[in-house]
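Trainee: I am new to this structure and would like a close look at a single part. Could you pick one and walk me through it?

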Amino acid sequence: MAEPFFRSSAPSPRRSRQGKLLAMMLAVGLHLLLLSFIAFSVRWKVGEPSPLLVDLVAAPQAAHTQLAKNPDPTPGPQPAPKPEPKPEPAPPKPEPRPEPPKPLPEPKPEPKPEPPKPAPAPPPKPEPPKAEPKPSALEKPDIALKEEAKKPEPKKEPPKEEPKKEPPKPEKEPPKPEPKKPEPKKEPPLDDFAKLAEARLRQQSPNAPAQTPSTGGAPGGPSEQARATYIDQIRAKVRGNIVVPPGVQGNPEAVFIVDQLPDGTVINVRLVQSSGNPALDAALERAIRRSSPLPLPEDKRLFERTLTLKLRPLAQ
Amino acid sequence: MNVTTDLSFTHLILQASVPVQLVMLILVLLSVMSWYWIFRKIFQVRHARRRTDAFETSFWQGSDLETLARMTETRLQHAGPMELVFLAAWREFLRQRSRSLDPAAELESVRRAMRAAYQREMDELEAHLSFLASTASVAPYIGLLGTVWGIMNSFRGLANMTSATLSHVAPGIAEALIATAIGLFAAIPAAVAYNHFTHDIERLSVRIETFMEELTNLLQRQLR
């Protein structure tokens, strides 16, 4: 009774055995296919290594080519030009000026007997004279420089033009002092000339007192080379810490203002002029901060609390 | 060196630390297994549905129950769940009729036999679906474990460096994230397949249950 019942009721035929092998093969095949697809077709490679390698190897060449293209952008010589241009414009100032005073005194011989007056005059007008000669001095050198830039050879022409331009200036200038002080009608030109002479004297003989306030930390000409080497030292140290980000084309320059403590510790870095690549700017700023105790100058007078630093990622 | 690292898939996997590689291996095995069962279930459910369709049409075409049962017995290896339920009911019905007991008890034993066959077939169809379900729910966690471990490692390595840049951490994080990717790769098909199969098997079971009710009525009519 029981036996046939159990036998007949347990007919569990398990089919689809052949499906096992097929399923296994399909599963493994699918994974292999996907793996090979990912391994060979999807390449997550950092594409930057090659440009970086090229930079490292060909750095001197790049520098040479840049030098050939435009000799200016070299960072080494560049700091020097910065202090230099200030003294350079000064010579042109005295050159045109000595000439104009000569022609002018001739038409007006009267002011000469009156020089005692300019002496008392300057004390009451300490501010306007300084303001007046400076704009004039600024305008004149600009004109002179422009003319010189246009025609560097004919130096005699600018003097001719300048006397022409100068007469109108005294004419224009008198009206200015007139509202202020109507009494010295003849004195203003005198004062101007006196001031010009004084300015010339100041620029010629006592260079240091005149320039130190204007240029700040650049004391005199002799230390200029020392200053250049100092800046070069800083630049060299900073350059050692630069991690050039990928995708930087060429060797762009960025200008930073760096605040430092007397021991060279960097307090603050400000970007003044971008290199055109924000990532490079950030990298340069990081490099400056990382080289925090900046090298100190041999001459302590060269030390500046706020440095203006022009930086390029690559050495020249 | 760090910048020039190869970030291809194979390289990242080979560069990963041992625990992360272990996690990846587990996940790959899980994925292979889950796909194996996905394929098995695809074949099984498709076969069951086809056989059920064929049997239903032939059954409702009015063919004789005896010939139907004989046909089913001849190809028992390829029979669908509905055929097997029918065969179990038919065998029990014949056995009870030969003993000629009272019809109510006879019908009750036939129903029990059908119910048993139905349960067996459903169990067969639903087997290993739980594996897909647990793969779908657990694989992302395993991958996450590998990722967390890998990121921990890469940050620990970062702490030893004086100058930390993204290029030092990035490869470690990338290789760690691959573990999560593999985990998700194993989990997503498993989840989809699990839902698909449960739905398909549910529909099959409803069809078989209605068939069982109808067969009971048919046999009851024959008993009178």
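Predicted model: local features only at pLDDT ≥ 70, side-chain atom pairs only at ≥ 80, totals over all residues.

**A close look at one helix**

Mentor: Happy to! Residues are numbered from 1 along each chain as its sequence is written, chains are lettered from A and ligands numbered from 1 in the order in which they are written, and side-chain values use heavy atoms, with hydrogens and water left out.

Now to helix H6 of chain B, residues 129-159; helices here are DSSP runs of H or I with at least four residues, numbered from the N terminus. B:Thr135 sits in this helix and is buried, at a relative accessible area of 2%. A polar atom of the B:Thr135 side chain lies 2.8 Å from the backbone oxygen of B:Phe131. Beyond its neighbours within four places in sequence, B:Thr135 is in contact (heavy atoms within 4.5 Å) with residues including B:Leu30, B:Ser34 and B:Ala186.

B:Tyr141 belongs to helix H6 too, but B:Tyr141 is exposed, with a relative accessible area of 59%.

Methods: Helix = DSSP H or I, 4+ residues; strand = E, 2+ residues; numbered from the N terminus. Buried < 20%, exposed > 50% of the residue type's maximum accessible area, 1.4 Å probe, protein only. Polar contact = N/O pair within 3.5 Å; in protein donor to acceptor, adjacent residues only side chain to side chain.
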